[in-house]
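Here are my notes on the model, as numbered points. Have the viewer open while you read.

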Amino acid sequence: MKQPFPFSAIVGQDDMKRAMVLTAIDPTIGGVLVFGDRGTGKSTAVRALAALLPPIKAVKGCPVNAERATECPDWANITDKQTHEIPTPVIDLPLGASEDRVTGALDIEKALTNGEKAFQPGLLARANRGYLYIDEVNLLEDHIVDLLLDVAQSGQNVVEREGLSIRHAARFVLVGSGNPEEGELRPQLLDRFGLSVDVASPTDIEQRIEVIKRRDAYENEHAAFMVRWQTEDAMLREQIIAARKALKQLDTPEQSLRDVAELCIALGSDGLRGELTLLKAARAYAAFRDDTALTRGHIRDVAALALRHRMRRDPLDDAGSGTRVARIVAETLGT
Amino acid sequence: MDPLLRAHTALALLAIDPLLGGLVVRARAGAVRDAVMAAVPPHTRLHPTMGTEALDGSIDASATLSSGTLTQTQGLLSQSGPFVLAMAERAEPYLAARISATLDCQEGHTLIALDEGIEDEALPPALSDRVAFHVDLEGSALSNIAPAPNWPDTVLLGHSPAQAETIDAFVTLAVRLGIVSLRAVGFALRAAQAHAALNGRVEPVSEDISVAVALVFAHRATQLPSQEPPAEEPPQDDLPPPQPDTEDTTSSDSLPQDILLDAVLAALPPDMLAKLGAGTAARSATGSGAGRKKIGNRRGRPLPARDGGNAQGRVDLIATLRAAIPWQTLRKQDAPHRTGPIIRHSDLRRKRYVDMSDRLLIFAVDASGSAAMARMGEAKGAIELLLAEAYARRDHVALVAFRGTGAEVLLEPTRSLVQTKRKLAALPGGGATPLAAGLITAGELARQARRKGLTPTIITLTDGRANMTLDARADRPQAMADAQTVARTLRQDQIEAMVIDTGRRPERSLADIADILGAIYLALPRADARSLSAAVTSALEP
């Protein structure tokens, strides 16, 4: 298969790219929701992300990609304690995937042929320590959504069915994309996404031309194009790794906590999750910018990403919540 | 270009460059469509109701059981060659997403979608965006049928990067035609390249480019461009031109915009203007989550397990074993060396569930002074009759009243008739008519209910003389505008609605709101409760 379109070669869509880089720096931010028109590069960005992420170390053959042998689940019967480097998993959750496929279930094949009661891990196991990508997330069936809500919250997948009693770690960054015209997302699921981005087709003709040119080069001068942009991707990857380190030493002044809290109160966002996410996102952004302390500027730049989807919906608001956030951020933190 | 020739050209281009995605053929089954299908190379046929197992393959239970080793069936999507999706307008979101993902892999798959939709039924947009071509054969007659032109057998597809001015021309034209998705331009570039190859050229010339825009852009246009391209507007005096070279895009000699535009216009169906925007305005209520009632195999109330080896769904182990037990002695005699139960294909039982989605009737009742208390009694009577009906069908009922400055939920969704009647009887009247507020409250209730899997319908009973705005000011025009805005959001969320005019004379503005809601409008100038109830019931019946 052809290599995916490089992440750095995506024209514009800065918000989307920034949100994805931030979750790569700090996975606990909790996922990205990308909503927007068709043909704006949503799927392209997610597939490109896989090539961008630094590899992780995992125990060989472990179904949940555990880092140490002690963290492998018992049912996997891992005897070999060797670890190897694997690319960060980016797992697709297709619409209409059955519950069995998502959580894992009794391995029917083994049960019927050998009479053995074995567990067949599902997509949640494979996505552990990586990304779980749901395209058209707003069309996902309700019972799968319920399941994801629970697992995304607890970081643990519990399977109690057909005489099995299995639990395993399932910590992943949830990435969803969808087209709002086709249906809304349940607020509970909306809240589980740390960051949310609205993407639109670029309206600037020059930008649109650049998109087409790059796509054309990707298809017709593949080798040269990939060499050029993979270098950019590698630089971005280095930056992400450096930012992960810098994040630990980042200074968070008292004033920033106060700013975040004031902003969330002014916006009337539900719950404390908004504050936590905003703080984490701002810290990751500061680390990415290679700054030593969190400042108002960082908070201002990521506020819309972290808070846009947490506000009560105003049915008469045509402008979209992004502009509302921007207005209130300007009022609270100054420009 | 004649539609049939366009279809043949599209198929020829697809054979040259599969990355064009595919072709939507909009036509009823018939000789004209068959003539197009005759030109399609050997293909895999898909059906809208196919589930995961058919598409992606699964464990072949019978082969696995008889051989004792794991045997997988091949999914249809792993086959090579074009897919032909029959009755494409019925495709479920899941199928659309699955085929989209397969096309996105770019491994040479193409999709020929046979769309037999009537009016606004159509292929899921996620799919139609991913295929380059669309041909409407609806107007073609038998006399139009002609064999496919003789294209050369082998064509060499050039892989030269597109010229900058071609890209400029395509992007500008797409913007003028209101085509948002950037995939369209990519498809047009590919189509031009492929059409050049088809005619033995390495580089596309202007003819290839005209054909490409006609095939790719015409059906995607959402607006007809103004005759003057925007770049040629006289520059405003007080502003410096933003970019000095914008003139180049239109004054390019090799590709005059107007020639391309003419190519698109020639391919547009004559009733284009009428159809513009209809695609987004009249959406049917699919894909919104809750259905009415379905027998499925994933959730809901369990039904007895069913036999059937190739059906989708989970194997019900207990039922399977139970079916196998009576035969064990006989089978053991045939295979004395085997241990454990011997299970054959015919023993397999699959789980089935029935999933009922209950209906919720939300009554939004105008309790204002203007709703004239005289009519109020009739409205109440009608609701009571409807409630009796609802009880028989085990529907849920909720009650919202609006008067004065706001609306309140008098009764959360319930099945309790007694409670509903009591609330209704005690419904106070008087004050202004905040129609918008009433619709908002009812809409919220409907959205909540939908998340719980109910199928909500909002029944608004009002005289339509809205005179209270959302911010509680007495301003008649603004109140009406507010109500219309709210109605639009309800329509967007595809909430079913019905408007019952309880005024003494039918109110024009209320019919407008019903129109925005996509709702049935019942004017009842002189109706009694029983005929109102009958009208509502017959309107609600599918």
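1. Why is helix 20 of chain B largely enclosed by the rest of the structure? Seven of its ten residues are buried, so the rest of the structure largely encloses it. Buried here means under 20% relative accessible area, with exposed over 50% and partly exposed in between (1.4 Å probe, protein chains only). Helices (H or I, at least four residues) and strands (E, at least two) are DSSP runs, numbered from the N terminus.

2. Before going on, some housekeeping: this is a predicted model, where local features need pLDDT of at least 70 and side-chain atom pairs count only at pLDDT 80 or more, while totals for chains, interfaces and linings use all residues. Residues are numbered from 1 along each chain as its sequence is written, chains are lettered from A and ligands numbered from 1 in the order in which they are written, and side-chain values use heavy atoms, leaving out hydrogens and water.

3. Back to helix 20 of chain B. Its buried residues are B:Ser509, B:Leu510, B:Ala511, B:Ile513, B:Ala514, B:Ile516 and B:Leu517. The cover over them includes helix 18 (435-451), helix 19 (476-492) and strands 12, 13 and 14 of chain B. Just past the helix, B:Gly518 has a positive phi of about 70 degrees.

4. Now the sheet in chain B. Six strands make an open sheet in the order 11-10-9-12-13-14, with mixed pairing; two strands pair if DSSP finds at least two bridges between them. Strand 11 and strand 14 (520-523) of chain B are the edges, each pairing on one side only. From one strand to the next, the twist averages 15 degrees. Helix 20 (residues 508-517) of chain B packs on this sheet, touching strand 12 (455-462), strand 13 and strand 14 of chain B, and its direction makes about 170 degrees with that of strand 13 of chain B. Contact means heavy atoms within 4.5 Å; axes are lines fitted to C-alpha atoms (for helices, over the stretch in contact), and angles run from 0 to 180 degrees between N-to-C directions.

5. Strand 13 (residues 496-501) and strand 14 of chain B run parallel over four bridges, with B:Ile500 opposite B:Leu522. Strand 9 (residues 359-366) of chain B is joined to strand 10 of chain B by seven bridges, also in the parallel sense, and B:Leu360 stands opposite B:His396 there. Strand 10 (residues 396-403) of chain B has seven of its eight residues buried.

6. On its other pairing, strand 10 of chain B is antiparallel to strand 11 (residues 406-414) of chain B, with six bridges. B:Arg403 has B:Gly406 as its bridge partner. This hairpin has two residues between the strands, and B:Gly404 takes a positive phi near 65 degrees.

7. Chain A has a five-strand open sheet, ordered 4-7-10-1-11, and its pairing is parallel. Its edges are strand 4 (90-92) and strand 11 (195-199) of chain A, each pairing on one side only. The twist averages 20 degrees from one strand to the next. Strand 4 and strand 7 (residues 130-135) of chain A share three bridges, and A:Ile91 sits opposite A:Leu132. Helix 2 (residues 42-52) of chain A packs on the sheet, touching strands 1, 4, 7, 10 and 11 of chain A, at about 160 degrees to strand 7 of chain A.

8. Have a look at strand 8 (residues 156-161) of chain A too. In a regular strand, side chains alternate between the two faces of the sheet. Here A:Asn157, A:Val159 and A:Arg161 are on the covered face, and A:Gln156, A:Val158 and A:Glu160 on the uncovered one. Six bridges pair this strand with strand 9 (residues 164-169) of chain A in the antiparallel sense.

9. Finally, confidence. The model scores ipTM 0.71 and pTM 0.65. Chain B averages a pLDDT (the predictor's confidence in each residue, from 0 to 100) of 75, and 75% of its residues score at least 70. I'd flag residues 227-254 of chain B, where pLDDT stays under 50 and the model has 15 contacts beyond four places in sequence. Residues 272-294 of chain B also stay under 50, with 42 such contacts.
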